[in-house]
Amino acid sequence: MANSRKLKQSSFDSLEAAVGAALEPLLFLRARLVLGLSGGLDSVVLLEVLRRLARPLGFKLACVHINHGISPNASRWAAFCARKCKRLDIPLTVHEVDVAPYRAEGLEAAARRARYQVYARQDADFIVLAQHLDDQAETLLLQLLRGAGVKGGAAMPLLRQQGRGKTGKSARSPAILRPMLALSRQQIKAYARAHRLKWAEDESNADTRYDRNFLRHRVLPVIGQAFPGYRATLARAAGHLAEASLILDELAEADAKLAVTANKLVLAELRRIGVARTKNLVRWLLLQQGAAAPEADRLQEGLRQLFQARDDAAVRVVLGACELRRYAGYAYLLRSRAEVPAEWRRDWDGKRVWPLPELGGTLHFARGAGAGLDCARVGERGLSVSLRQGGEKLRLQPGGSTRSLKNLLQEARMPPWERERLPLIYCADTLVAVPGLGVASGWQAGAGNAGWTITWQRQE
């Protein structure tokens, strides 16, 4: 990945050389870098540094400004960034975001979530951010004060790959790159003054009602009196935690090879590895799915029920946006879904692929000869789907017995929560097919007759 063009550090300011040294091993020729430009001191300095490094390191530079709409001065900051980028002939895009949907997480977290969603959509190889050594120290302390574990204590890495991007399953969002993590706020301010840079001041940076600002203005100056080197020390501690986090991820990946099969967790294997490693595995699996790590007490309660509840008990523990379930010797990590009204019903529109997002899956209709639901018998009456109401019966074999749908689904070892969202196929008021079980006797396509083979594909 390293750029073949070497940076001659002797021709650069020491701060520029430090940023270049951080970037050079990570970039490739003509890499597309997009700088998150707020207009504040840190991002303005990084803009100037990247502008100077672009040619010797062979990368393309653009900027993105996020207008959160929180401050009355937000539009002025956007205009400042636009003027600056125009003067430097650097492309800039401005995005206005709505933080309201995430306000329950707190204003700072809501703004961050909205901001990173924009970053993930950028047409770039790297999103470059201006966090520095002081930010790293503040982040570590904030995480520890919030009770974070090893992964949270790892704070901010130099390079972080993101999840899948908007362009398809195989495409990734731009990586997050922070080349100033080894530089202090004092060094950055000195560079800005030496180069006579102008920047916008965010009035909220002085508001100590925000946790980060309280640490910055009230707590860290006191710590600095007794421990003047605390910034580097805390950054080193974050590095140790980052290494430990990688080891825990490797352990979780190894445990998953034995304990996870077909998106299910094997309870016997979880009991073998014990509670601590199971916690680590569950956190890792949730993060792999893009879900946040659960609160410690919720995860503890989930594992208690998982291991101690009766074999026939219906275990369901909510872990943030996901839930932990148990059935027949397996544990399941599932996305939480809204309840579906009991009277829910939909009419088939004739399409071969029929998404039913309320139920969390898609019905597929494949037309063939001599198998499936007899097309001729359905005729003009069409098909509809609805959910179990209780008391449904089905006979699957000519001359066979009529069985309750409840017993048939239990024998098929279908978990209860899947039964609750299983679409039942009706023609008029007659139950004619159940995906995964089969077609009702008398409705099956005979030899030479056209039939619909209907399958239900759940979204995992």
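**Group meeting: helices and parallel strands in a predicted model**

Let's start with glutamate 269, which lies in helix H10, residues 267–288. Helices here are DSSP runs of H or I with at least four residues, strands are E runs of at least two, and both are numbered from the N terminus. This is a predicted model, so local features need pLDDT of at least 70, side-chain atom pairs count only at pLDDT 80 or more, and totals for chains, interfaces and linings use all residues. Residues are numbered from 1 along each chain as its sequence is written, and side-chain values use heavy atoms, with hydrogens and water left out.

Is glutamate 269 buried or exposed? Its relative accessibility is 16%, so glutamate 269 counts as buried. Buried means under 20% relative accessible area, exposed over 50%, partly exposed in between, with a 1.4 Å probe and protein chains only. The glutamate 269 side chain makes a polar contact with the side chain of arginine 272, at 2.6 Å. A polar contact is a pair of N or O atoms within 3.5 Å; within protein, one must be able to donate a hydrogen and the other to accept it, and residues adjacent in sequence count only if both atoms are side-chain atoms. Beyond neighbours within four places in sequence, glutamate 269 is in contact (heavy atoms within 4.5 Å) with Leu258 and Ala259.

Now helix H1, residues 14–23. Seven of its 10 residues are buried, so H1 is largely enclosed by the rest of the structure. Those buried residues pack against H2, strand S6 (175–177) and helix H7 (185–194). At the N-terminal end of H1, aspartate 13 is the cap. One of its side-chain oxygens lies 2.7 Å from the backbone nitrogen of leucine 15.

On to the strands. S2, residues 60–67, has seven of its eight residues buried. S1 (residues 32–36) and S2 pair in the parallel sense over five bridges. Pairing requires at least two DSSP bridges between two strands. Leucine 33 has leucine 61 in S2 as its bridge partner. From S1 the chain crosses through helix H2 (residues 41–57) to S2, a right-handed β-α-β crossover. Right-handed means that, with the strands pointing away from the viewer, the path from the first strand over the helix to the second runs clockwise.

S2 also pairs with strand S3 (residues 92–96), parallel, over five bridges. Here isoleucine 66 has histidine 95 in S3 as its bridge partner. S2, helix H3 (residues 74–88) and S3 make a right-handed β-α-β unit.
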